[in-house]
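Reader: Please show me how the labels used for a model like this one follow from their definitions.

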Amino acid sequence: MKTILKTIRENIFTPWGLWLGFLSFFLLAALAAGITVFWKGLVITNLTDLVPWGLWITIDLSSIAVAAGAFSLCAIVYLFGFKRYEPIARTATFIGFTGYSMAMLALLLDIGRPDRFWKSFVYWNTHSLLWEVTMCVGLYFTVLVFEVMPIVASFEWLRKKYPRLAAKMESAHHFAPVLAVLGLMLSSLHQSSLGAVYGVIKARPVWYRPEMSVMFMFTAILAGVSLTLLASMVAARLTDKARVSDMLIERAARVLGYLMIAYLYWRFWDWLAQTYTYEPGRTEGFHLLTEGPLSFNFWIGELLFGALIPTFILLYKPAREAPLWRMLALAMIVGGVVAFRFDTNIVGFLAVVPYLPGEAIVQYTSYTPSLVEWTAGLGIIAFGLLAFSIGVKYLHVVDHRLVPSDHEVETIAVGGTVHPV
Amino acid sequence: MKNNLTRRDFIKISAVGVAAAAAGTQLLQKAEASEGPKGEHQWAMVIFQSKCTGCNQCQMACNANNDINPEMNWTKVLEAGEVNGETVYLPRPCMHCEHAPCVEVCPVGASYYRDDGIVMMDYEKCIGCRYCQVACPYDARVFNWEQFEGENPYVPQYGEPEVERRPRGVPEKCSFCYQRIDRGLSLGLTPGEDPAATPACVLVCPTHARIFGDLNDPNSQVSQALRENPSYRLRENLGTNPRVYYIPVNGTVSVEG
């Protein structure tokens, strides 16, 4: 007992100890909030019958988006054969696993009957996009578990204590290409059907368009790859447990810049099409984005800082080569995608489409997340940060010196010289 | 196994993909064929807007018979403009759509069609995701944000509860008083004609603004009313095919706001 206290006392004022303490604060607060929600019910949120999906759904959508680095990079490495990105794929896989765990936590909080969550796997309505999403989350999470196994197997403690189990888990990497294909199928289905969850809702014209699924897929790839690169760079700056090849990241960031151009192109036409002709509900919803309460999010969050500036940084060589500017651009892309998903979800609710005959008057409602929603939501984010920090410290999830196929720590340069940024 | 994807691997994987796509097509066909119910009876409600005085008794009777939280309503009476200086009302129960968005989107199939066209909720199956609420074009669903406890202020004046209270965490909605219809039919009664087999809101209406009956029976009150009067339904452009019909004031559909 005394020794434990001593170790705690010695470690608490290290950066790692303070970081854990900081995260624990949010985690404990969220635990309390979560228990309150299960105890009292959703009545303590600011959700209403008019705005039944709010902050937690945004966190769910965003966690899924940033998890998309996993399938994108696994596809690049195992399908298209760009082997040099394999160390980044390892990071992306771990972030994907974390992101999906976060999403499931958010959903568990959000559904009215968390005790019945298992029913969503047992009772099928194959017509429902949400059924499809549920199946993909379940199956893809299973794939991610297998993909993460070799990473967890590199945990020193596990290797020493249970060498045979660690070896078993390690051997899961033999299936990497198959898992990559499976993951690619499930994850791309999932990412796009998440958009279709909104896109098929005829009752809300501001959502009702086929591009929704494509936009969700596209933004997911952008956010997923961006966060993977950003997290790797940040980790490498903060701890020597993480080693990155800056050249590799810089190369990936350039590709991301071109993807951003494609995104902007798509976004422009999607945007323009919505300005044509008046349609009750759609036009009002669109105006909420362009000049209403969501206009700051839309112009600044989604477009200026979320898309235009980072595109410029990533395509302008001197800026891209400066790690700080590059990190800033990557963070902006993630922020832009989160803003896009927040706005997309909320805009369909804020403009209430009338059903009275001859009355084309669209009414408006509002939504501000309650304290308990924020507390629980921040806790989910803290959970993600904690998982990633543990991954960096104990599981070498950011280590570009790794020879990927055997996941042994060796000092071999991948795609150039290896040095911390 | 090396991590190189050989041509053979690729073909194998593609074959799996094709098989999955074939299975997917099957699912899609099932998904597309959301045909409406085709039972012996097809229940429908017709509402005469000229007769509705906006007294709200339908709502109270509904709350009593279905034991609904007074802050939540399955049927609402809305103001819908004026004709000749008089307020026109629009009572709005669940539309029991033939192509109901709520049934289509429910991930677990907790919302479903009965053979007689009633869109029902299985409150035991529901996980509380609220996608049905998001999808409903008529705002007909209300969510149990908390458990309804305590006395129902409309009991016993407007009726006695005939169904169980719903638990916290599930959305609920009008069921055309299926319990009255089913019990009535088993006693040999005719819903819409015999009071014991007719929805509470229809029964209580002092001006007989609501009528109820079987669309498959050409002699039912609803069939006759629809034959003899011009009628409309809400948001018909969505193709949901509601089973609640409105007969407008003076035969004019649109009202000025």
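Author: B:Asp67 is found in the loop between α2 and β2 (76–83) of chain B, where helices (H or I, at least four residues) and strands (E, at least two) are DSSP runs, numbered from the N terminus. This is a predicted model, in which local features need pLDDT of at least 70 and side-chain atom pairs count only at pLDDT 80 or more, while totals for chains, interfaces and linings use all residues. Residues are numbered from 1 along each chain as its sequence is written, and chains are lettered from A and ligands numbered from 1 in the order in which they are written.

Reader: Why is B:Asp67 called partly exposed?

Author: A residue is buried if 20 or more other C-beta atoms, placed from the backbone, lie within 10 Å of its own, exposed if 12 or fewer do, and partly exposed in between. B:Asp67 has 18 other C-beta atoms within 10 Å and is therefore partly exposed. B:Asn56, in the loop between β1 and α2 (57–65) of chain B, has 14 C-beta neighbours inside 10 Å, so B:Asn56 counts as partly exposed.

Reader: What makes B:Met45 count as buried?

Author: B:Met45 has 26 C-beta neighbours inside 10 Å, and therefore it counts as buried. B:Met45 has its place in strand β1 (residues 43–48) of chain B.

Reader: What is noted about phi of B:Asp67?

Author: Most residues other than glycine have a negative phi, and most peptide bonds are trans. Phi of B:Asp67 is near 50°, a positive value in a residue other than glycine, and B:Asn56, which is not a glycine either, has a positive phi of about 75°. The peptide bond from B:Val155 to B:Pro156 is cis, with omega near 0°, and B:Pro156 is found in the loop between β6 (142–143) and β7 (171–172) of chain B.

Reader: Why are α4(A) and α10(A) called oblique to each other?

Author: Axes are lines fitted to C-alpha atoms, for helices over the stretch in contact, and angles run from 0 to 180 degrees between N-to-C directions. Angles under 35 degrees count as roughly parallel, over 145 as roughly antiparallel, 65 to 115 as roughly perpendicular and the rest as oblique. The axes of α4(A) and α10(A) come within 9 Å and cross at roughly 140°, and the two helices are therefore oblique to each other. By class, their contact has 11 nonpolar, three polar and no charged residues, where Ala, Val, Leu, Ile, Met, Phe, Trp, Tyr, Cys and Pro count as nonpolar, Asp, Glu, Lys and Arg as charged, and the others, Gly among them, as polar.

Reader: What makes α4(A) roughly perpendicular to α11(A)?

Author: The two helices pack at an angle of about 85°, with their axes 7 Å apart, and this is why α4(A) is called roughly perpendicular to α11(A). The residues that meet include A:Ala70 and A:Leu73 in α4(A) and A:Ile221 and A:Val225 in α11(A); residues are in contact if their C-beta atoms, placed from the backbone, lie within 7 Å.

Reader: Which residues have the most contacts inside the largest nonpolar core?

Author: A nonpolar core is a set of buried Ala, Val, Leu, Ile, Met, Phe, Trp, Tyr and Cys residues joined through C-beta atoms within 7 Å. The largest one has 197 residues, and those with the most contacts inside it are A:Leu73, A:Leu222 and A:Ala223. Helix α11 (residues 211–238) of chain A gives the most to this core, with 17 residues.

Technical notes:
Two residues are in contact if their C-beta atoms, placed from the backbone, lie within 7 Å.
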